[in-house]
Amino acid sequence: MRSPRRPVAKLSPPVQPRVLSRPRLFARIDAGLDAGCFWIPGPAGAGKTALVASYLKVRQQKCVWYRLDEGDADIATFFHYLALGIDGASLRRKPALRDLTPDHRQGVTTFTRRFFERLGERFGAPVVLVFDNYQDVGHDSLLHELVPLGIGALPRHVSTILISRDGPPASFAALEVARTLTALSPDELILTRQEEAALVSLAYPRVGRARTLVLRERVAVAQGWAAGAVLQMEYGGGEGRPTPDGASQSPPALFSYLSKEVVGRLPDSLRAFLLSVCVLREMTVAIAEAISHSPDAKQHLERLHRTRNFTERIDRDETWYRFHPLFRATLLELAACTHSGANLQALRRRGAELFFERRLAGEGMHLLFDAGAWHEAADQICAIAPELMAQGRVDTLVAWIAQIPPDVRDPRPWLTYWLGAARMPADLALAVELFKTAFHGFQTASDQVGAIASWSGAAASMTIAMGDLSELDAWLDLCPFRVPDDLPSLPPPLALQSAAAMAQCLVWRRPGDPLTEQWMAFLKRLWEQLGRPQPTPAPFLVTYQLWKGRLDEAKAISDASGPRTPDAGDPAATCMACYTESVLAWFEGDAPRCVAAVSRGLETSHREGTHNWDHQIRSQAVYNALFQGDIDEAVQCLELVRPPTLTPSATGQHYRFLLSWCHLQRDDFARSWECQNPSNCVAAVVAGPVPEAVGLIVSTHAARELGRRDDAARGHKRLAALAESIDSDLFRFGAGFLGAALAMDDGHLEKTVSLLTSALALGRRRGFMGYIGWHARTVANLCAVALRAGVETDYVVRLLRTRWLPLPGGGDVPDAWPWPIKIRTLGGFSIEVDGEILSWRRRLPRRQMDVLKLLIAAGTRGVPQQVVMDTLWPESDGDVAKETLDKTLQRLRRLLRYPGVMPSVAGVLRLNPDLCWVDAVTFEHLAERAQQRADARTSAPARERALALYQGPFLPGDEIEPRLLATRSRLASTFRRLSAR
């Protein structure tokens, strides 16, 4: 796509042929800019624009001039052209300011603040940002809410002037309260006697005193109205001609009367020129010559500008001219009387052609609409639509299409297609209906490319909406292409869109169809051939491979898509990368990496206003928390993705699945079963086989725990069948664990071990660190069975080290169980965290170790915090001792690397038995088991394991307080009893 042409007249200040110095108003502007923002209201022709242009020229102040018009009611148009103006005026090399694309629509206020902040970064020296013709923006435009937000975000060296026929709207009240905004009174624009005299001298510097006095009298008739004063001077060019009574007419009426008189007295060639070019709001010399067929176009325009006849000149890459709106309105009124309607229409059509040749679509469309050239306008909309969509100017596109009469619009399916594309970000349901209408229109017209585009647009809208995806079944049957070879030669963006739409439909509805794999491979090849375009299908490709259980392939796609922390200059790409990274992280069991990716993604969306990926990113936080056993965190994150209504939809089903999983991990099996009961669960209908499979995992676990044996068996059988039909190793892995759990329930140890052997071997090969929907306590018990049987010991240990799992039931923990923290106190003192023995370069952190030893000695009972404080800091008062204890605990938890290692419940501290293995605690537990068993054959292993653990006295060599001494004595006594047996 070619880069857009800068609309020079919109983005450049007018050139002043001569400057009327107005010191009293210049001083007011100085004060207003010191505050930050200055508003200049006044009626048409009051000299507002000339005042600001003169001020900037006299003060030699750098400025960025932006002339608003009705097109800026589309806020994306405003930001697009303002970005062009800023990038053209700034000397600093910075990344281009971004367009307001659909990614930012949900966070448009954030986008506005960031845009204006970055705008300020473009300039190192003071600069004035001028918004001219602010009144031309519609009253209901969101722009009125955004401009004051942006102004409030500007740095001190960027000040703002707003020029309008009206006063500040209510949305600027906050700036007024903060005294950032000050305003000129319209009465202050009225010319004083001295300024009227200066105006006459400026316009007629070489006339005699008598003529000057006559001109001043005529100027005075305008009663200080700038436009009227200029006309009076022009009208008063001949001696003895009557002067209308200015007091009896309103300024616009006086202007109309006088300007008609002025135009009537112009030379015929100049008058004919004006009545031809007045159909244009702005023009270059070349455009004016082409419209008027006048070889003197340049001289005419220069004369009008030089004599201040309501003609602005803008100099940039090319010189542009623009008539004052009041003057142009008069010219159009006269032209309607002079030219035939057909001639005026022809002039407008010719002007539109000239603007489109220069790629200035806005002015071209304006002329076509004025001409009623609906067919030409429709053709131009279809040609311009892709560029408008890329710039985010969807409101402009919708407004243009709405102006086309139905009898012209309806037979053109491309207009309906582009209307659907423009509506897609805001109203997916409407977009689907528009795409469907366009699709049938294209079929009737035998337009294959259009049919493919509209089919793909509807399919993409359905999958993004995540409603009742069963609608995709019938839509797939209507698809105009079945296999990739059916696609004709298409523009690359449309080819990628079509392939992605087909692939997503098949993945959701027919994941086991061989065509699905074919389309996913084609989509991946196309994505690679196109050079990783944006928007990228990489997140979808990665998710699909993970559903299949192909972790290595998913990581390869992620790596090929670019850095996992892309430049913040593209926030949408950053959010997508963070989503992909978070999915891979929890899948691989890297919880901190997942948390970091989620935080980075949400921070980016919050900072930049790109919220399209928030739901997906937050959902990954739920998965991560559930795998880590942090159910409170999972529930908190889940509430942030709760849909407004739990209607039968893919989104609603996903929420119900996650809620059911939360209940399952909390061992609230009844509520878990209620959420995912297969008899009333609609996942298979509204979502598809993959959501059905993950729902079955949770419901089967819940059925087991509730004793619903038949339901659990049916759920497992259906899950195994889905795993095969989808060809998913991930679901085979989950089905294997569920089968082993059912066999364990029946007391079939051999079958349990056999099924675990197969499942764990598959998990090791694929690098699985769990399966979606697992029940942590069930998996822990199965891992204990595997460790006792010596099945895939290294892999099971790695799985246990990676995931949070509670201790297996029954209290009989295998010796190979990889405790996060292991503390040895018998015969010595050492701490092992994640397999690493802690050591200190200097000295042992004594107070931290004292607290830890007190908790070890207390065993499962714990120690009240007050007891710890009285024991270790008896001379400190309560508040000081509490503060010291809190700091000590904070350092100790940091040292042991697990924040939950020492929970405090109701003021009682204890070591977390799920995280901490203590040899003294295990010794006493084994000794108790050995003494309770009457059968020496079964008690002997427990006795031998206990004796092996006792390597010497409890905390030998420590000068310990009485409660620790009592523990040492008790353990020694137990050891002697065991040794004597």
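Two strands count as paired if DSSP finds at least two bridges between them, and strands themselves are DSSP runs of E, at least two residues, just as helices are runs of H or I, at least four, all numbered from the N terminus.

Okay, quick caveats. This is a predicted model, so to speak: local features need pLDDT of at least 70 and side-chain atom pairs pLDDT 80 or more, while totals for chains, interfaces and linings use all residues. Residues are numbered from 1 along each chain as its sequence is written, and side-chain values use heavy atoms, leaving out hydrogens and water.

Five strands make an open, parallel sheet, in the order 2-3-4-1-5. Strand 2 (63-67) and strand 5 (181-183) sit at the edges with a single partner strand each, so one side of each has no neighbour in the sheet. What stands opposite tryptophan 39? That's alanine 183, in strand 5. Strand 1, residues 37-41, pairs with strand 5 in the parallel sense over three bridges.

Now the cores, meaning buried Ala, Val, Leu, Ile, Met, Phe, Trp, Tyr and Cys residues joined through side-chain atoms within 4.5 Å; buried is under 20% relative accessible area, with a 1.4 Å probe and protein chains only. The largest one has 264 residues, and Trp455, Trp519 and Trp661 have the most contacts inside it. Helix 25, residues 492-509, gives the most to this core, with twelve residues. There's also a second, separate core of 40 residues, including Ile75 and Leu82.

Last, tryptophan 455. Contact means heavy atoms within 4.5 Å. Beyond its neighbours within four places in sequence, tryptophan 455 touches, among others, Phe439, Trp475, Ala501 and Cys505.

Notes. Buried means under 20% relative accessible area, exposed over 50%, partly exposed in between (1.4 Å probe, protein chains only).
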